[in-house]
Amino acid sequence: VSGHGLFEREATTLFCRVPIPMSTASLGGTVEVPTIDGTLAKVTIPSGTQSARQFRLRSKGMTGLHGRGRGDMYIEIQVETPVNLTKRQQELLREFETENKGGIRSTSPESEGFFTKVKELWEDLTE
């Protein structure tokens with residue numbers, strides 16, 4: 001079986017990477033993803049979704065040998081960083097960054113966890 005430009009196959013299971021805007025990942029929303037049979041499936045993206053999060057679409061994979069059952073499809077979210085921002089968009093992001101630095105809770109859980117581990121590692125090395 002030859003490869004496909006959009007889907008990766010493992011037996012009856014399909015995998016597909018789906019790019020979404022940073023705003024959809026942050027605020028939540030719905031995206032439509034293509035399926036192998038040519039239709040679109042709607043997937044609800046919860047607010048705070050991070051890159052590499054996977055969603056399972058039951059029975060949207062390949063049909064098994066001799067027509068027995070159908071596999072699942074997994075989509076992996078790729079959060080896109082915006083490019084070619086207008087001056088206003090840049091201002092808004094800078095304002096967001098300023099608000100976040102003074103905030104009570106972090107809006108960047110991955111970074112916070114990473115830098116906590118780096119700090120602990122550094123403390124262990126200097127003891």
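**Notes on the predicted model**

1. Residues 24 or more positions apart make up 45% of the contacts in the protein chain with a separation of 6 or more, contact meaning heavy atoms within 4.5 Å. Keep in mind that this is a predicted model, where local features need pLDDT of at least 70, side-chain atom pairs count only at pLDDT 80 or more, and totals for chains, interfaces and linings use all residues. Numbering starts from 1 along each chain as its sequence is written, and side-chain values use heavy atoms, with hydrogens and water left out.

2. Now the layout. The protein chain has three helices and six strands, in the order β-β-α-β-β-β-β-α-α from the N terminus. These are DSSP runs numbered from the N terminus: helices are H or I with at least four residues, strands E with at least two.

3. On to the core. A nonpolar core here is a set of buried Ala, Val, Leu, Ile, Met, Phe, Trp, Tyr and Cys residues joined through side-chain atoms within 4.5 Å. The largest one has 16 residues, and I20, V33, V43, I45, L57, M73 and I75 touch the most other members. At least two core residues come from each of strand 2 (13–21), strand 3 (29–34), strand 4, strand 5 and strand 6 (73–80). Strand 2 contributes the most, with four residues.

4. V43 deserves a look of its own. Setting aside neighbours within four places in sequence, V43 contacts G29, T30, V31, V33, F55, L57 and I75.

5. Is T49 buried or exposed? T49 is buried, because its relative accessible area is 4% and buried means under 20%, exposed over 50%, partly exposed in between (1.4 Å probe, protein chains only). T49 sits in the loop between strand 4 (40–45) and strand 5 (54–57). Its side chain reaches the backbone oxygen of P46 at 2.6 Å. Leaving out residues up to four places away in sequence, T49 also touches A25, F55, I77 and V79.

6. There is one aromatic pair in the whole structure. The ring centres of F15 and Y74 are 5.8 Å apart with planes at 20°, so the pair is stacked. Rings of Phe, Tyr and Trp (its six-membered ring) pair if their centres lie within 6.5 Å; planes under 30 degrees apart count as stacked, over 60 as edge-to-face and the rest as tilted. Since F15 is in strand 2 and Y74 in strand 6, the pair ties together parts 59 residues apart in sequence. F15 is partly exposed at 26% relative accessible area, and Y74 is partly exposed at 24%.

Methods:
A polar contact is a pair of N or O atoms within 3.5 Å; within protein, one must be able to donate a hydrogen and the other to accept it, and residues adjacent in sequence count only if both atoms are side-chain atoms.
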